[in-house]
Each structure stands twice: as structure tokens, then as C-alpha cells.
Amino acid sequence: MTTSPAPDVGVDVVLPCLNEAGALPWVLARIPAGWRALVVDNGSTDGSADLARSLGATVVTEPRRGFGAACHAGLRAATADVVCFCDCDASLDPALLTPFVQEIRAGTADLVLGRRQPQARGAWPVHARAGNLALARMLRRRTGLRLHDLGPLRAARREGLLALGLTDRRSGYPLQMVVRGADAGWRITEHDVPYLPRTGASKVTGTWRGTWHAVRDMRRVLAEAPTPHPVREGSAK
């Protein structure tokens, strides 16, 4: 369910949200002018949805728990040609997406990712960083892509993302997007972005248990057989 009308905008920013009332004001204030914030409420009990509406965001309700479920609900609710994704915990500045969108519109990339660079002690726990590094290595073996991070800050065209047929609704969603994009011959680029200490407690990588579940989900994605897609003319890995 989506509340508030869908304006004719060029960029939609999907913000998966589970109890992020403390971070929402900062995050929404950093959305570039003319872009639309799609806050996907994934069962918040702290008033996040109402706060997001009061701050001018479009709220999408996704009752099925899971990072991928929230991201995909936002993607389906998006109407803009270019769709961006960003965490809603104030660890990443959505204003950093501006050059990502420019690269997509220029036609030099099909998917642009942010490589997180921690700006303070504790911004990226050691166990979470280790899990991400291991997955990046497995991704390289699976696809040949020399990426260093599978972070949540990213941009691509909506129609292309929907055509990938993404099915993961848990922590494997961001990785599945990259894997299926690579299988489709997408040009995937990566740029450094500052990574700040998040506001509140992490729902995924804040603990060893959460990181283990995320790695398990992503390993399952890497074990999938390559998905056949028509390779875009002029695209390269």
C-alpha cells in the first residue's frame, strides 16, 4: 500500500525502514531537490511511517519482513525512470547518489554501487566487514566482477531492475541484483562513499548472528544457476 500521490519525477529513492524515527529527519533532508523519497515501512512500531509522511515522503507499507521484501516493494511502487536505494539509518548520505544518477543517465553504466569507506570507529563492525569481503571474493569467482563492496547505496533504471526478476526477499536481495545484472551483461561500476556510524541498532549486521544470517542468504544467491538474460548491446562486465 502506498500513501500520497505519485508525482512525475525523474528519480525515486527507495528507503527500506524498520524503526528508524531517529534517523529519518536527517536522511530525508538530504534527498536531492526534485527527487522523491519512497520510505518503505517494514513493520515499524516507533512511528516512522507517520514521521516520514509529515516530512513529505511517500510511504509504502510492506508487511512481509525482510530487507529484500522492503526494497522490492519500493521498486514496484516507483514510477521514475531511475531508481536509487539507500539505507534509512543515516549511515549513508542520499545526496551522494547524484553522480550515480548522472552516470546512469549518461549511459556509461547500468548499475552504480557505493563502496563504503568508514569515517569513524565502529561505523562498520569488523565481523560485518569480514563477511562483506568474503562475499565480494565469491562474487568475483561467480561473475568476474572486481567489486569490493555489496553496499546498499546504488542506482539503476527501473525497467531494467524489474526485468531481472529478483526473487530474494531477505538479505540476499542486493547481491542478487548484482549477480543477475552481471549475468545480463550489465556495466556495473563502484565508487567510494563515506560510511558513517548508523543511528540506532542494526537489524542485520549489528551482531555476529545477524551477519551470519546475511552471509547465509547471500551464499544461497551465489549458488543459484546463472539466469539467462538477453545481453544488452554494447554492455560489458
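The entries below follow the order in which I looked things up.

**Entry 1: strand E2.** I note at the outset that this is a predicted model. I began with E2, residues 11-17, and asked how many of its residues are buried. The count is seven of seven, so by the cut-off of under 20% relative accessible area the strand is mostly covered. I then checked the two faces separately. Val11, Val13, Leu15 and Cys17 lie on one side and are buried; Asp12, Val14 and Pro16 lie on the other and are buried as well.

**Entry 2: partners of E2.** Which strands does E2 pair with? I found E5, residues 82-85, running parallel to E2 and joined to it by four bridges. In that pairing I traced Val13 to its bridge partner, Cys84. E3, residues 36-41, also pairs with E2 in the parallel sense, over six bridges. There I found Val14 opposite Leu38. I followed the chain from E2 through helix H1, residues 24-29, to E3 and recorded a right-handed β-α-β unit.

**Entry 3: nonpolar cores.** I looked up the largest nonpolar core, which has 35 residues. Which members touch the most others? They are Leu161 and Ile188. Elements giving two or more residues to this core include E3, E5, E6 (111-118), H3 (67-77) and H5 (126-143). H7 (173-183) and H8 (208-222) are also in that group, and H7 gives the most, with six residues. Leaving out residues up to four places away in sequence, I listed the contacts of Leu161 as Leu75, Val83, Phe85, Ala156, Leu166, Met177 and Trp186. Apart from this core lies another, of 32 residues; Ala49, Cys86, Cys88 and Ala155 are among them. As background, nonpolar side chains in soluble globular proteins tend to be buried together.

**Entry 4: Met218.** I located Met218 in helix H8. Is it buried or exposed? Met218 has a relative accessible area of 11% and is buried. With residues up to four places away in sequence left out, Met218 touches Leu135, Leu150, Ser171, Gly172 and Leu175. I also took the C-alpha to C-alpha distance from Met218 to Leu139: 9.7 Å, for a separation of 79 residues in sequence.

**Entry 5: positive phi.** Most residues other than glycine have a negative phi, so I noted the exceptions I came across. Asn19 has a phi near 55° and sits in the loop between E2 and H1. At 30% relative accessibility, Asn19 counts as partly exposed. Ala90 has a phi of about 70° and is in the loop between E5 and helix H4 (98-106).

**Entry 6: cysteines.** How many disulfides does the structure hold? I found zero. For Cys86 I looked up the nearest cysteine sulfur, which belongs to Cys88 and is 7.8 Å away. A disulfide needs the sulfur atoms within 2.5 Å, so Cys86 is in no disulfide. Cys86 is buried at 1% relative accessibility, and Cys71 is buried at 2%.

Notes:
Residues are numbered from 1 along each chain as its sequence is written. This is a predicted model: local features need pLDDT of at least 70, side-chain atom pairs count only at pLDDT 80 or more; totals for chains, interfaces and linings use all residues. Side-chain values use heavy atoms; hydrogens and water are left out. Buried means under 20% relative accessible area, exposed over 50%, partly exposed in between (1.4 Å probe, protein chains only). Two strands pair if DSSP finds at least two bridges between them. A crossover is right-handed if, with the strands pointing away from the viewer, the path from the first strand over the helix to the second runs clockwise. A nonpolar core is a set of buried Ala, Val, Leu, Ile, Met, Phe, Trp, Tyr and Cys residues joined through side-chain atoms within 4.5 Å. Contact means heavy atoms within 4.5 Å.
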